[in-house]
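Thanks for making time this morning.

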Amino acid sequence: MTSLLATLFIHPLPIERHHLWLLPLCLAVALVYKTTKCAEVREIPVAALISWVTIVVGMYAVGAALWLLYHFAA
Amino acid sequence: MKQKTTQPPPAVRMVAAGLLAWFLPGAGHLYVGERARGITLLVVIALTFWAGVAAGGVKNTVNPQDRSLWFLGQICAGVHPLIAVVWSRHLTIPEGADPAGWISYGQTEEVGVVYTAIAGMLNVLVIFDVLGRVDRPELSQTRTGPARTPRRASA
């Protein structure tokens with residue numbers, strides 16, 4: 001078990017679709033932010049979920065806009 | 001008859017909460033009595049940091065020499081980057097081994113570094129939050145009543 005955990009952290013993961021790593025990162029940001037901001041603990045899951053979706057949609061929209069700008073306007 | 005309070009002075013509590021929040025993300029909230037928030041922050045920040053280390057490998061994800069500016073963000077996560085630095089110092093790549101299996105490059109490296117640095121920056125937010133809760137018992141309890149009373153408008 002210990003060697004399995006060590007192996008997990010010692011050898012870098014083979015990352016191919018790196019943009020998918022945005023999803024858990026945004027979830028962490030949304031969870032921490034809403035944990036500090038929500039007045040009641042029971043509000044956190046829903047607020048964090050809404051915040052996560054908003055961040056992800058916003059980031060992909062910015063990415064798509066920049067991609068379009070790069071390919072058609074530049 | 002007045003009861004004696006056993007709590008330390010507010011300034012001491014604030015310093016203790018801030019240091020605890022830096023050293024172990026979430027511990028500051030546990031210290032001020034915010035158990036659910038503390039456990040949530042402890043788990044989320046630890047998972048984010050170690051997911052970054054797992055992605056980029058412990059050998060060069062937290063690297064104060066080569067990435068000092070990123071390290072400023074990472075060190076805000078307290079004990080996690082300290083463990084990663086000590087671990088990476090004691091980890092030697094075996095002779096004849098392919099370094100690519102131990103050191104990440106390109107996008108893999110970026111994912112690891114960004115995850116760990118963001119975990120640290122999130123802890124800055126957590127530290128400021130816990131400092132604001134130390135002497136505000138109305139914020140330091142899990143409330144079941146109506147939402148927070150609105151602040152008075154400034155003149």
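I will begin with how the model is to be read, and then turn to the contact between the chains.

This is a predicted model, in which local features need pLDDT of at least 70 and side-chain atom pairs count only at pLDDT 80 or more, while totals for chains, interfaces and linings use all residues. Residues are numbered from 1 along each chain as its sequence is written, chains are lettered from A and ligands numbered from 1 in the order in which they are written, and side-chain values use heavy atoms, with hydrogens and water left out.

The contact, meaning heavy atoms within 4.5 Å, draws 40 residues from chain B and 26 residues from chain A. Between chain B and chain A about 2800 Å² is buried, with carbon and sulfur atoms giving 70% of that; buried area here is the accessible area (1.4 Å probe) that two parts lose on being put together, summed over both. On the chain B side, Arg37(B), Ala54(B) and Tyr115(B) lose the most area to chain A, together 21% of what that side buries.

As for polar pairing, there are 9 residue pairs in polar contact between the two chains, both residues at pLDDT 80 or more, where a polar contact is a pair of N or O atoms within 3.5 Å; within protein, one must be able to donate a hydrogen and the other to accept it, and residues adjacent in sequence count only if both atoms are side-chain atoms.
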